[in-house]
Amino acid sequence: MPLEVRSTPTLAEAASLLQAERAARFLAGGTLVVRAVNEGDVSFSTIVRTSDPAFTRLRTAGGRIELGAGVTMAQILASRELAFLHPAARSVGGPAVRTMATVGGNLFAPHPYGDFATALLALDARIRLASGFGAREVSLEELLRGRERTPRPLVASLSFERPADPAAFRFRKMTRTRPKGPAVLTIAAWLPLSGGRVSGARVAFGAMAATPIRARAVERALEGRPLSAEGVAVAVAAAAGEGDPPTDPIASAWYRQRVVGVILRRLLLGEP
Ligand SMILES: Cc1cc2nc3c(=O)[nH]c(=O)nc-3n(C[C@H](O)[C@H](O)[C@H](O)COP(=O)(O)OP(=O)(O)OC[C@H]3O[C@@H](n4cnc5c(N)ncnc54)[C@H](O)[C@@H]3O)c2cc1C
């Protein structure tokens, strides 16, 4: 089947094209879209891309960090200001994939992918959607809940508050193959402390449901507790009840539920 490629100078035009044509797919880094084309996927007949400079812009000055959706994992790794996000960016595929893979594409990558999206969820990222009629903002959680609807929303950029203490952000990915591989599960956590106790934690799990999710019961159990073996015990016990992990060739749902508490405990206690 012939495939039409439409290049647009602005995100708004790209969004209009995607809204008008249901059989169109947006192309960012292409690590998944081009693979689908090569594998003979005929569910789309048009590819839409954009050369809008805002799409690849990275702003790290000021109180909020803003990433164009077309910013790549390699760009994140090249930014010293974003050092706290390097473990998350480095966890996405190998070097060749990271050169192309974008932060926007990661929000739509199917299970068990979405490692960077998991990190963004713990940072409470806001998502700016482009449309022919102007932009609007949604929370990342809201985007993830509706990401399969058609026409698909076009993510222009995302932003999150600059962490006052980057050490309060933690990230772990468990894989079966090292140093890279699809996730058995991924955990990202924002763990600010006040007087030695957790205050306002955000914890996100990747590969524990169809999309990355917030682990709300874990967050509630951490509130007001110190990050000690005793302090985290209730949160660790709550971890297995979060999400509805799929069984796939990487791991069974049963295994994911068994191991999530172990990885969470290590992350919270800062153990290797
Ligand atoms: C060998 C290999 C290893 C990988 N390993 C990992 C891994 O370890 N962890 C991981 O998380 N992922 C992994 N991936 C998946 C993928 O590379 C990443 O998730 C990547 O971030 C996807 O971004 P992309 O720009 O390449 O997306 P694309 O392939 O361009 O697009 C992917 C999907 O997202 C949609 N999309 C892209 N950008 C936008 C946007 N701005 N707005 C709306 N929709 C959009 C596209 O239409 C498409 O449906 C791997 C892929 C491969 C091929």
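These legends walk through several close-up views of a predicted model.

View A. Start here to get your bearings. The chain divides into domain 1 (4-50), domain 2 (53-161) and domain 3 (166-269). Between the centres of domain 1 and domain 3, taken over C-alpha atoms, there are 34 Å.

View B. Look next at how strand 2 meets strand 3 (residues 46-50): the two pair in the parallel sense over three bridges. Within that pairing, Arg25 has Ile47 of strand 3 as its bridge partner.

View C. Thr8 belongs to strand 1 (residues 4-8), while Pro9 sits in the loop between strand 1 and helix 1 (11-20). Is Thr8 buried or exposed? Thr8 is buried, with a relative accessible area of 5%. Pro9, in turn, counts as partly exposed, at 47% relative accessibility. A polar atom of the Thr8 side chain lies 3.1 Å from the backbone oxygen of Thr10. Leaving aside residues up to four places away in sequence, Thr8 touches Glu13, Ala14, Leu17, Arg49, Thr50, Ser51 and Asp52. With that limit on sequence distance, Pro9 touches Thr50, Ser51 and Asp52.

**View D. Helix 7, enclosed by the rest of the structure.** How many of the eight residues of helix 7 (residues 115-122) are buried? Eight of the eight are, so the helix is largely enclosed by the rest of the structure. To find them one by one, look for Asp115, Phe116, Ala117, Thr118, Ala119, Leu120, Leu121 and Ala122. After helix 7 comes Asp124, whose phi is positive, near 60°.

**View E. Strand 8 and its two antiparallel partners.** Strand 8 (residues 154-161) is mostly covered, with seven of its eight residues buried. One of its partners is strand 5 (residues 64-68), which pairs with strand 8 in the antiparallel sense over five bridges. Here Arg64 stands opposite Glu161 of strand 8. Strand 6 (residues 126-130) also runs antiparallel to strand 8, joined to it by five bridges. In this case, Ile127 stands opposite Leu158 of strand 8.

View F. A search of the whole structure finds three aromatic pairs. Phe26 and Phe55 form an edge-to-face pair, 5.5 Å centre to centre with 85° between the planes. Phe26 lies in strand 2 and Phe55 in the loop between strand 3 and strand 4 (58-59), so this pair ties together parts that are 29 residues apart in sequence. Both Phe26 and Phe55 are buried. Phe84 and Phe169 also form an edge-to-face pair, at 5.9 Å centre to centre and 85° between the planes. Phe84 comes from the loop between helix 3 (73-77) and helix 4 (86-90), and Phe169 from strand 9 (residues 169-175), so the pair ties together parts that are 85 residues apart in sequence. Phe84 counts as buried at 13% relative accessibility, and Phe169 counts as buried at 7%. Which residues make up the aromatic cluster around this spot? Phe84, Phe160 and Phe169 form one aromatic cluster.

Key. Residues are numbered from 1 along each chain as its sequence is written. This is a predicted model: local features need pLDDT of at least 70, side-chain atom pairs count only at pLDDT 80 or more; totals for chains, interfaces and linings use all residues. Side-chain values use heavy atoms; hydrogens and water are left out. Buried means under 20% relative accessible area, exposed over 50%, partly exposed in between (1.4 Å probe, protein chains only). Helices (H or I, at least four residues) and strands (E, at least two) are DSSP runs, numbered from the N terminus. A polar contact is a pair of N or O atoms within 3.5 Å; within protein, one must be able to donate a hydrogen and the other to accept it, and residues adjacent in sequence count only if both atoms are side-chain atoms. Contact means heavy atoms within 4.5 Å. Two strands pair if DSSP finds at least two bridges between them. Domain bounds come from an automatic or database domain assignment. Rings of Phe, Tyr and Trp (its six-membered ring) pair if their centres lie within 6.5 Å; planes under 30 degrees apart count as stacked, over 60 as edge-to-face and the rest as tilted.
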